[in-house]
Amino acid sequence: MIAMLRVENVWQRFGTLEVLQNISFELQAGEFVCLLGPSGCGKTTLLRIASGLLKPSAGRILFNGEPITAPRPEIGILFQQPNLLPYLSTRANIELPLALRGVPRTERRRVAQDALAQVGLAEFGEVYPSQLSGGMAQRAALGRALVQNPAVLLMDEPFGALDAMTREYMQLELLSLWQRTGKTILMVTHSITEAVFMADRVIVLTARPSRLGAVLDVPLPRPRRLEMVHSAEFGALVAQLRSYIGAPSS
Ligand SMILES: Nc1ncnc2c1ncn2[C@@H]1O[C@H](COP(=O)(O)OP(=O)(O)OP(=O)(O)O)[C@@H](O)[C@H]1O
Ligand SMILES: [Mg+2]
């Protein structure tokens with residue numbers, strides 16, 4: 001079976017700084033994979049490479065078996081900061097990728113309205129980004145990524161800036177969207193528990209220069225529920241990841 005996204009022997013250096021060393025892994029269609037690693041190890045760099053925004057020093061990325069040389073609509077990327085344009089309404093922000101591609105206005109409206117509904121902002125299209133809460137802004141950014149109907153969504157710590165309760169809510173919303181749409185997701189996170197809660201599989205990067213440290217399958221049943229974090233099985237998976245990373249066991 002050809003992988004939906006394949007990272008193949010990727011190396012990245014910036015001048016004399018060695019960031020990524022020979023990273024390889026695959027995402028199968030419909031998988032939810034989390035990428036975990038210490039700050040500065042190269043997670044964002046790897047996501048930028050996987051999206052086609054950055055050409056790696058060596059190695060390549062394959063989408064459905066085809067090498068990627070530039071960003072493409074089938075691969076959406078969501079950054080840690082929502083990066084909404086403050087002078088455009090939420091709706092106009094979400095329509096922007098379509099407007100840039102020259103999609104006609106009525107079609108844009110229809111797709112954007114659907115994306116607004118998908119991310120729970122159907123009533124907030126006319127609101128400006130400064131009037132959105134942090135979680136709503138992040139949902140708007142997700143809506144903007146969804147209008148291109150990407151098969152693969154690359155997400156860079158999308159909930160990092162949110163408070164704990166909003167974060168839990170957003171995790172559940174994202175899982176439900178993922179199950180509804182069947183997208184393939186690669187999500188970067190700092191959080192071991194978030195990785196176990198969300199993922200089918202967790203890929204661990206070592207400290208820089210970063211190599212593939214470990215890969216852990218997460219056989220917890222779906223749909224995931226918040227109570228699962230208290231189960232012994234969940235605890236064991238978290239402990240295993242901690243031992244790979246060498247983090248304190250508190
Ligand atoms: N364009 C660039 N030019 C030079 N160095 C860069 C560039 N982009 C990233 N780096 C360096 O590469 C290393 C990895 O950065 P990256 O942002 O990928 O880390 P990260 O794992 O996402 O960290 P964090 O968890 O803090 O977000 C850092 O040392 C950073 O300074
Ligand atoms: Mg980063």
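Helices here are DSSP runs of H or I with at least four residues, numbered from the N terminus. Keep that in mind as you work through these exercises on a predicted model.

**Exercise 1. Work out what span the 14 residues of H7 should have, and compare it with the model.**

Solution. 
- Step 1: the expected span is 1.5 Å times one less than the number of residues. For the 14 residues of H7 this gives 20 Å.
- Step 2: the end C-alpha atoms of H7 are 20 Å apart, so the model agrees with the expectation.

**Exercise 2. Find the buried residues of H7 and say what they pack against.**

Solution. 
- Step 1: buried means under 20% relative accessible area. In H7, Phe234, Leu237, Val238 and Leu241 are buried.
- Step 2: these residues cover an arc of only 100° around the axis, and therefore lie on the same side of H7.
- Step 3: turn to the face pointing away from that buried side, where you will find the exposed residues Ala232 and Ser243.
- Step 4: the partners of the buried residues are strand S3 (32-36), helix H6 (192-198), strand S9 (201-205) and strand S10 (212-217).

**Exercise 3. Is Arg108 buried or exposed?**

Solution. 
- Step 1: find Arg108 in helix H3, residues 105-118.
- Step 2: its relative accessible area is 17%. The cut-off for buried is under 20%, so Arg108 counts as buried.
- Step 3: look at its surroundings. Setting aside neighbours within four places in sequence, Arg108 is in contact with Glu95, Leu98, Ala99 and Val103.

**Exercise 4. Describe how H2 and H4 pack, and which residues make the contact.**

Solution. 
- Step 1: two packed helices are described by the angle between their axes and the distance between the axes.
- Step 2: the axes of H2 (residues 90-100) and H4 (residues 134-146) come within 7 Å and cross at roughly 30°. Angles under 35 degrees count as roughly parallel, so H2 is roughly parallel to H4.
- Step 3: the crossing of H2 and H4 is right-handed.
- Step 4: the contact is made by Thr90, Asn93, Ile94 and Pro97 of H2 with Ala140, Gly143 and Arg144 of H4.

**Exercise 5. Repeat the description for H4 and H5.**

Solution. 
- Step 1: H4 and helix H5 (residues 164-181) pack at an angle of about 20°, with their axes 11 Å apart.
- Step 2: H4 and H5 are therefore roughly parallel to each other, and the crossing is right-handed.
- Step 3: from H4, Gly135, Gln138, Arg139, Leu142 and Leu146 meet Thr166, Tyr169, Met170, Leu174 and Leu177 of H5.

**Exercise 6. Where does Glu227 lie, and is Glu227 buried or exposed?**

Solution. 
- Step 1: Glu227 is in the loop between S10 and H7.
- Step 2: its relative accessibility is 52%, so Glu227 counts as exposed.

Definitions and conventions: Residues numbered from 1 in each chain as written. Chains lettered and ligands numbered in written order. Predicted model: local features only at pLDDT ≥ 70, side-chain atom pairs only at ≥ 80, totals over all residues. Heavy atoms only, no water. Helix = DSSP H or I, 4+ residues; strand = E, 2+ residues; numbered from the N terminus. Buried < 20%, exposed > 50% of the residue type's maximum accessible area, 1.4 Å probe, protein only. Arc of directions from axis to C-beta. Contact = heavy atoms within 4.5 Å. Axes fitted to C-alpha atoms, helices over the stretch in contact; angles between N-to-C directions. Parallel < 35°, antiparallel > 145°, perpendicular 65-115°, else oblique. Left-handed = near helix turned anticlockwise from the far one by under 90°.
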